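Thank you all for coming.

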Amino acid sequence: MKLAIQNQLALCNQLQQQNEKVVALNASERAKRNLDEFNRSIPNLAKFISNYELRNHSFFVTKDSAVNILIKSESMLVYPVEIEKYVSNQVADFFSDTYQHQDTLNASGKCLVIIGIGLGLHILKLTEKLEPNYLVIYEPEEDFLKLSLYTAPWFELLTLCNIERIQIFIQHGENSQNLASDLQELKQAFPSLGNLYYYRHFAYPKLDQSLSQLGVIQAIPTTAYDRHPYVLPFAEVSAQHRPTNLIQQQIFDKNLLFFQERFPELFMALQENSPQSDHSWQALQHNLGENSLFSDCSSNSLAEEKFLILKNPLVYGLTLSKKGNDIAFLSFISKLKASIDAAITNETECNLHFTEIILLGVLNSNACLAAAKASDRLLIIEESLNRFLLSCFTVNWFELASTKSFYFLIGQNARLEHIEACYQQGALNFIDSYIFQPYFTERHRKLSKNLLESIQSTNGKSNHFEARFKQLIRSYQNCAAYPILCRNSAAIPSMPVIVIGNGPSLEVAIASLKILRDQVLLVSCGTALATLLNNNIRPDYHIELEKETDTLTRLNKLPASELKCISLLATVEIHTAIPVLFKQALLMATTANPITELLYNSHKRSATILDYSYYTVTNFALDLLLQLNFQQIYLVGVDFGFTTIDTHHASSSNYFNEQGESVYDYELKHGATFEVQANLNSTCLTVPAFNAARLLMEQCLAAQSDNTIVYNVGHGAKIEGAKALHCLPDVIDNRTKLAVVKPNVITPAFIKTSAIDEHFSLLTSEDTANFIDDTLVLANQFCRSLLALWSTPTSTDCELRHTLRALVEQDQLLQALKIQSKVVFELFDGSCRYFSMLCHRYAKAVPHQH
């Protein structure tokens with residue numbers, strides 16, 4: 001149930017801080033005892049918990065000094081206020097049902113399966129009372145596992161398990177999704193396993209689906225999880241007061257006439273799904289079931305969310321790459337956030353008006369009205385057409401949307417790409433914005449997170465000045481010095497190519513690579529270069545996706561003479577000291593880049609933009625080679641998986657020391673392992689990052705022509721669209737005749753590499769000779785304009801009004817700059833937008849203060 005968290009805070013800051021201090025002391029003592037016991041009983045899990053950093057949740061101390069869990073991005077508490085009572089009732093209900101089968105309780109081999117840890121207050125109670133021989137605990141949300149260290153009686157539980165010889169298994173994260181197969185393995189490992197008892201603390205759709213397949217619970221429709229992301233779905237429907245059918249029908253009819261005139265596409269969708277019976281209101285209520293009303297977990301107005309508005313993760317959740325933690329922009333962010341913090345108190349009068357509100361969900365009519373009143377323009381998002389139909393009986397859309405800008409994304413249109421399209425078309429600004437969720441559905445919850453990330457990326461997270469300026473300088477210097485990938489009509493290359501990743505399958509293929517060395521093009525990827533050179537194999541090309549100083553440091557450790565015999569393939573934004581290490585550098589743009597776009601256009605050439613070149617460098621390599629029309633590609637060491645956690649890369653790679661031990665805890669850094677279908681055998685292990693890269697590679701292959709054959713060699717994960725091979729063949733068909741060569745005319749190496757080299761050409765022209773000078777002059781002029789704008793003297797009593805007025809003028813300067821130079825505009829846009837967003841949020845906190 002959604003709780004307005006500011007109503008759960010103590011009346012004054014001093015009392016709230018006192019409550020938090022007491023809770024923090026107790027929690028720290030509890031965490032120390034628990035962690036010590038984990039280190040004794042389950043050391044691998046102890047290491048994971050110690051190093052795990054919270055992502056989406058944190059503790060919340062209520063005015064009654066109770067600990068709850070806060071979903072940070074949504075200002076939503078996981079548990080009801082009376083947590084102890086809630087857990088006790090849940091446990092009592094479980095045993096009430098269990099004791100109906102009294103004859104099974106004395107049997108040996110009992111296994112207790114617990115779904116969900118949360119605060120962990122239930123686990124010891126259940127174990128003590130049921131006295132199982134086996135205890136299996138599942139928690140897909142790893143934040144909860146970390147938080148339970150401070151609240152759950154793990155010390156007592158693990159001690160009990162040791163004394164009573166209870167076998168305990170804790171599955172978390174991605175590794176907690178295979179309940180049925182886990183239990184099957186448990187039965188095979190422990191033949192004495194008897195009756196299983198299932199306790200559902202939280203509702204997780206995938207685990208519930210497994211329970212349903214096992215016959216433990218009835219199948220639950222996906223909509224049942226919309227009421228709350230964790231709390232168990234209930235059958236009861238809380239009814240909202242329903243006005244008379246006549247009034248409802250009149251509102252509905254007026255809304256449909258309005259949509260027919262103003263929003264014809266929406267009207268057509270509504271007309272096709274409109275209820276035809278006299279009891280249309282009741283029919284819709286019945287069809288929507290328990291998710292139709294949300295009257296008990298809903299925010300009626302933005303005033304209930306004052307705390308979230310002032311501490312909105314849209315503004316406060318901005319995080320930058322750890323590689324950029326010393327930049328001026330980060331210091332700038334910290335100082336401005338501190339200013340807002342200083343201005344916010346519990347008594348702060350909050351200005352609740354926004355330029356735009358994005359409303360997720362329409363079933364609460366009061367919330368719809370509040371959002372309309374509090375915004376100049378309103379974007380309404382509702383993924384359920386039936387829910388929007390229901391709102392048409394209670395919300396006067398025809399009145400609200402007639403006086404201000406309204407946009408509707410309903411049903412299939414309720415997607416992130418459509419919201420971003422509204423921004424691109426100028427309908428949304430993403431600066432003085434607020435994402436208002438009166439209640440929560442699973443789809444809206446995911447959409448909210450994705451939208452949050454999209455707005456943050458637009459407003460400084462990935463396009464702040466320092467990042468853009470580095471991109472500008474590197475791109476210009478590299479484009480001026482090295483050949484760039486351009487579209488051309490080059491013949492389809494017949495040369496087979498082997499893409500070499502640093503996976504465990506590379507070790508097995510070393511001998512074959514030495515045999516095939518002169519028959520194919522060899523392309524090494526990232527850290528695989530060191531493994532090849534360690535085995536006296538020199539590739540024709542080396543490809544890098546990472547572009548910062550850590551890559552330069554890694555390459556500088558390799559023999560310089562070897563690198564000078566290898567050609568580099570990389571992005572135009574790579575560190576300028578890296579290309580000079582190699583024989584030659586051939587560069588390309590992997591994403592839309594205004595600098596390279598300008599340079600390409602000045603030469604009347606079109607860039608080849610690579611759409612699938614991220615996650616790993618092997619994705620980059622395959623995407624590039626497919627764009628260059630290679631027809632025969634072998635993937636070696638591109639495993640995206642491994643048989644055991646100790647074999648995550650090639651054994652002779654730099655991921656292992658001289659003793660063959662991993663140089664760091666791979667699972668701890670990259671996430672818990674889980675099983676996927678293997679290339680050759682039944683299954684293999686993978687980690688979340690590898691799996692994401694594998695799925696993207698499958699998309700890349702699906703987009704290519706049928707004439708291309710890609711082979712997946714080795715024991716890694718299955719890649720859909722690639723043919724599985726156990727090992728490399730002894731001979732690879734190569735229609736390019738390398739042996740028949742006239743002396744002093746051409747070399748076999750030239751024939752091999754020309755298949756790639758001919759796609760790249762230098763961009764040299766008088767048109768771009770003064771490009772960087774002109775850019776910097778215009779950038780300097782814009783900086784002076786900004787300084788002049790913000791240094792204008794003002795009287796203290798109108799400082800806030802002056803700030804908001806200056807923000808408007810700043811935006812006008814930016815739009816004028818966009819017309820003059822898209823490149824210079826890109827330099828400043830992200831940082832200026834974030835500054836504007838912070839200023840608007842500051843204005844919310846101090847509407848009448850200086």
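Against which elements do the buried residues of α8 pack? Before I answer, please keep in mind that what you see is a predicted model, and that every value I quote is computed from it.

The buried residues of α8 pack against the strands β4, which spans 111-115, β5 and β7, and also against the helix α7, which spans 179-189. Helix α8 itself covers residues 205-213, and its buried residues are Leu207, Asp208, Ser210 and Leu211. Because these four cover an arc of only 155° around the axis, they lie on the same side of α8. On the face turned away from that buried side, the helix carries the exposed residues Lys206 and Gln213. Just after α8, Gly215 takes a positive phi of about 85°.

Strands β4, β5 and β7 belong to an open sheet of four strands, whose order is β6-β5-β4-β7 and whose pairing is parallel. The edge strands are β6, at 167-172, and β7, at 196-200, each of which pairs on one side only. Averaged over the sheet, and with direction ignored, neighbouring strands are turned by 15° against each other. If we look at one pair in detail, strand β5, which consists of residues 134-139, is joined to β6 in the parallel sense over six bridges, and the bridge partner of Glu139 in β6 is His172.

A word about cysteines is also in order. A search of the whole structure finds zero disulfides.

Finally, some totals for the chain. It contains 32 helices and 23 strands, and of its 850 residues, 53% count as buried. Among the contacts between residues at least 6 apart in sequence, 73% join residues that are at least 24 apart. The accessible surface of the chain comes to about 38,900 Å², and 51% of that surface belongs to carbon and sulfur atoms.

To return to where we started, the helix α8 has its buried residues packed against β4, β5, α7 and β7, while Lys206 and Gln213 are exposed on the face turned away from them.

Notes:
Residues are numbered from 1 along each chain as its sequence is written. This is a predicted model: local features need pLDDT of at least 70, side-chain atom pairs count only at pLDDT 80 or more; totals for chains, interfaces and linings use all residues. Side-chain values use heavy atoms; hydrogens and water are left out. Two strands pair if DSSP finds at least two bridges between them. Helices (H or I, at least four residues) and strands (E, at least two) are DSSP runs, numbered from the N terminus. Axes are lines fitted to C-alpha atoms, for helices over the stretch in contact, and angles run from 0 to 180 degrees between N-to-C directions. A disulfide is a pair of cysteine sulfur atoms within 2.5 Å. Buried means under 20% relative accessible area, exposed over 50%, partly exposed in between (1.4 Å probe, protein chains only). The arc is that of the directions from the helix axis to the C-beta atoms. Contact means heavy atoms within 4.5 Å. Accessible areas come from the Shrake-Rupley method with a 1.4 Å probe; for residues, only the protein chains shown count as cover.
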